[in-house]
Structures are given as C-alpha cells and as structure tokens.
There are 2 protein chains.
Amino acid sequence: MATVRESKSQKDRKPREERDDRYEIRLSGSGGHGVILACVMLAQAVGLNHRKNVVQTQSYGPEARGGASRADAVISSSEIFYPKTMKLDVLLAFTQEACDKYYSDLKPGGLLIVDSTLVTKVPIKNSYGFPFIRLAREKVGHPMVANVIALGVIAELTGIVSREAMRTVVKARAPKGTEEKNLKALQVGFDLGKKMKR
Amino acid sequence: MATVRESKSQKDRKPREERDDRYEIRLSGSGGHGVILACVMLAQAVGLNHRKNVVQTQSYGPEARGGASRADAVISSSEIFYPKTMKLDVLLAFTQEACDKYYSDLKPGGLLIVDSTLVTKVPIKNSYGFPFIRLAREKVGHPMVANVIALGVIAELTGIVSREAMRTVVKARAPKGTEEKNLKALQVGFDLGKKMKR
C-alpha cells in the first residue's frame with residue numbers, strides 16, 4: 001500500500017525506483033511462444049544472482065484478450081512499489097500483432113527486438129530483428145526453444161543478467177530431458193547478441 | 001500510475017477494486033513444487049474464461065531469497081490498480097517454512113490449505129490439509145503433479161474458477177506428453193475439494 005498511503009510531499013516526487021535504475025522489460029507474442037516461461041526465467045535469473053529486486057507480472061482479463069500474449073518484468077535496486085510497467089526499456093515481439101500493440105509503450109531510445117520472419121513492419125528505426133523461430137528449428141532442432149534464444153539475445157544486448165545466471169535458471173526450469181536443447185538455444189542467443197553488439 | 005496520481009479526496013478512499021470483489025491468492029512452497037506454473041495456470045483460467053481481471057505476480061531479489069518460493073494472483077471485476085497482494089483470501093503452503101512465513105498475510109477468515117505431510121504445525125484453526133505430494137505419487141504416479149491437485153482443490157473450495165476453464169488451461173500448459181496425467185491430477189483435486197465442502 002506504500003504508493004497509496006504516501007504523504008502529499010512524497011506524492012509529488014517520482015516513486016523511488018524511478019529515480020535510480022528502474023528497468024522494464026516486456027516479452028510478447030502469441031500463445032505458443034512461451035513468453036511467460038521466458039519472463040519467469042529472466043526474472044529469476046536477475047533476482048537470484050544479482051543485487052536486484054524483480055517483480056514479474058502477467059495480466060489476464062477482458063482487456064487482455066485477443067491473440068497477443070505478454071509478460072512483464074520490472075527490475076530495480078530499490079524496493080519496487082509499483083510493479084506495473086510504465087515505459088519499457090526493452091520490448092521483445094514475436095508477432096506483428098504484439099509489435100503493433102505494444103511498441104508505443106517503449107520509452108524513447110528503448111530497445112525493440114523482433115522475430116524478423118514474423119514481424120515485417122517495424123514501426124521504429126532502432127530495432128533488432130532475428131529469425132528466432134527459424135533459428136530454433138535449424139540450429140537446435142526444435143521451434144519451441146525460440147523463446148530461450150531470445151533470452152540469450154536480451155541478456156547479451158542489455159547486460160542486465162550474467163550468462164552464468166541465465167544458464168543456471170534455464171537448466172533448472174527446462175522440462176525434463178530438454179535441458180541440453182535449451183542450453184544450446186541460450187548459447188545461440190548469446191552468440192547472436194554478441195555479434196550485434198560489435 | 002493511477003494509485004500514485006489520485007487526488008487527495010480519492011486518496012482517502014480505498015482503491016476501487018478493494019471496495020468490491022478483490023480476491024487474493026498466494027501459492028507457496030519450495031523450488032520443486034511448481035507454484036509459479038500453478039499460479040500462471042490459475043490466473044489464466046480465471047482471466048480467460050470469466051469476466052474478471054487477473055494480475056499474476058512473482059517477486060525475486062535479496063528480500064525474497066531463501067528456500068520459500070511463492071506466486072500471487074489478484075482477481076477483481078474492476079481494473080487492478082494495485083497488483084501486489086495486501087491481505088490474502090487464500091494461502092496454499094506446500095512446506096512448513098512457507099506456511100510460517102506467509103500465514104500472517106492471510107486476512108481474518110482467510111482459507112489456509114497445506115500439504116498435511118509436510119506442514120505439521122498449522123498456526124490457525126480453520127485450515128485444510130491434504131497430502132498433495134503423496135496423492136500425486138499414489139493416484140497419478142508422479143509427484144510433480146501435486147501442484148495441479150492443489151489447483152483442483154482451490155478451484156472447488158473457492159468457486160472462483162470453473163472446472164471447465166481449469167481443464168482447458170491445464171491441458172494447454174502441461175508439458176507435451178503429460179496432458180493426461182495433469183488432467184487426472186486436476187480431477188483428484190476436484191474430488192478432494194468436493195468431499196471437503198460437504
């Protein structure tokens with residue numbers, strides 16, 4: 001209840017986490033893209049292995065219906081009083097619908113990452129496109145790990161989470177028997193991200 | 001930002017969702033109990049199949065460290081401005097540690113559901129105990145589906161979500177090849193809950 005109860009003088013100031021290093025990420029796509037699991041893994045990796053607080057959220061209901069699926073994470077060194085995203089630092093979109101629906105939530109200069117096969121109309125200039133689903137099929141032999149490739153790219157491009165932390169969580173959360181494929185997918189993502197940074 | 005920006009007169013009133021039917025659920029246990037996946041499924045079932053808004057949340061970070069794992073869902077007919085739980089209507093605890101840590105977050109008269117094998121010291125009178133993990137092993141042949149048995153119990157005891165909606169989501173989210181086991185676990189939960197209601 002902190003945000004509701006704060007005094008008038010506090011009310012005029014930005015929430016504490018906004019003043020320092022609040023960082024917001026949204027992963028979006030449609031049903032089968034595994035964006036919720038990916039966001040759970042990302043949040044857990046950041047939260048357990050770094051001195052950060054993370055709140056990971058998904059919303060359902062009449063307003064959230066339709067084909068687009070999304071999951072959000074808010075990261076901050078301070079306590080997170082307001083866990084809803086306000087202006088995204090990073091948006092991942094697996095589909096054109098998700099991209100169209102959410103890109104306006106990106107802050108100026110925010111990072112847009114899309115599946116370049118499925119998102120052909122990119123609404124802003126500074127974006128990164130990768131054929132995640134095709135790469136998952138061709139490099140790992142399984143289209144379902146496209147979400148983990150994307151996690152590797154996000155980790156590498158943003159630096160918000162270490163490779164080691166991501167590996168630990170992906171290995172622990174992968175369905176039994178798929179650990180190696182998921183770790184391979186993560187490495188594909190790290191490599192893609194690293195190449196882009198140069 | 002609604003809660004932060006509301007005017008003074010609004011500030012003195014309870015948030016809108018509190019005034020009507022805000023309903024808060026926490027699922028807790030330790031790492032392997034699958035409480036996050038269970039909460040994602042519960043939230044999705046409530047949100048997609050009923051005229052409700054649901055925000056599903058998990059937090060990570062220094063304060064959240066230790067053995068206990070938890071996932072929260074807030075359900076309301078109104079827009080959910082404040083997605084953090086304040087007073088729980090339902091708490092599920094798979095471990096003694098989780099029970100000890102969270103039972104004080106239950107509202108008076110709130111529903112405490114525990115794994116009766118693992119939680120032997122129950123701090124309040126009105127609680128329900130079920131040997132979820134033993135039942136998962138004995139009735140479904142797989143201890144990993146204890147979380148889905150618990151979902152069935154919660155659905156049945158609270159009435160917040162229909163059996164049909166739960167079945168649809170559990171079937172869709174179960175790892176490939178485990179759909180039947182998960183649906184069986186859900187039915188075990190429905191039956192347990194129904195028996196308790198009598």
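Which residues does Ile149(A) touch, not counting residues up to four places away in sequence? They are Phe132(A), Leu135(A), Ala136(A), Ala185(A), Val188(A) and Gly189(A); contact here puts two C-beta atoms, placed from the backbone, within 7 Å.

## About the model

This is a predicted model: local features need pLDDT of at least 70, side-chain atom pairs count only at pLDDT 80 or more, and totals for chains, interfaces and linings use all residues. Residues are numbered from 1 along each chain as its sequence is written, while chains are lettered from A and ligands numbered from 1 in the order in which they are written.

## The sheet

Let's start with the strands. Twelve of them make an open sheet with mixed pairing, in the order E6(A)-E5(A)-E4(A)-E1(A)-E3(A)-E2(A)-E2(B)-E3(B)-E1(B)-E4(B)-E5(B)-E6(B). Strands are DSSP runs (E, at least two residues), as are helices (H or I, at least four), numbered from the N terminus; two strands pair if DSSP finds at least two bridges between them. At the edges sit E6 (127–130) of chain A and E6 (127–130) of chain B, each pairing on one side only.

In chain B, E4 (residues 88–93) and E5 (residues 106–115) run parallel, joined by five bridges. Ala93(B) stands opposite Val114(B) there.

## Inside the core

The largest nonpolar core has 128 residues, and Leu42(A), Ile149(A), Leu42(B) and Ile149(B) touch the most other members. Such a core is a set of buried Ala, Val, Leu, Ile, Met, Phe, Trp, Tyr and Cys residues joined through C-beta atoms within 7 Å.

Over in helix H4 (residues 35–49) of chain B you'll find Ala38(B). Ala38(B) counts as buried because it has 25 C-beta neighbours inside 10 Å (buried takes 20 or more, exposed 12 or fewer, partly exposed in between). Ala38(B) and Leu151(B) are 113 residues apart in sequence, yet 6.9 Å apart in space, C-alpha to C-alpha.
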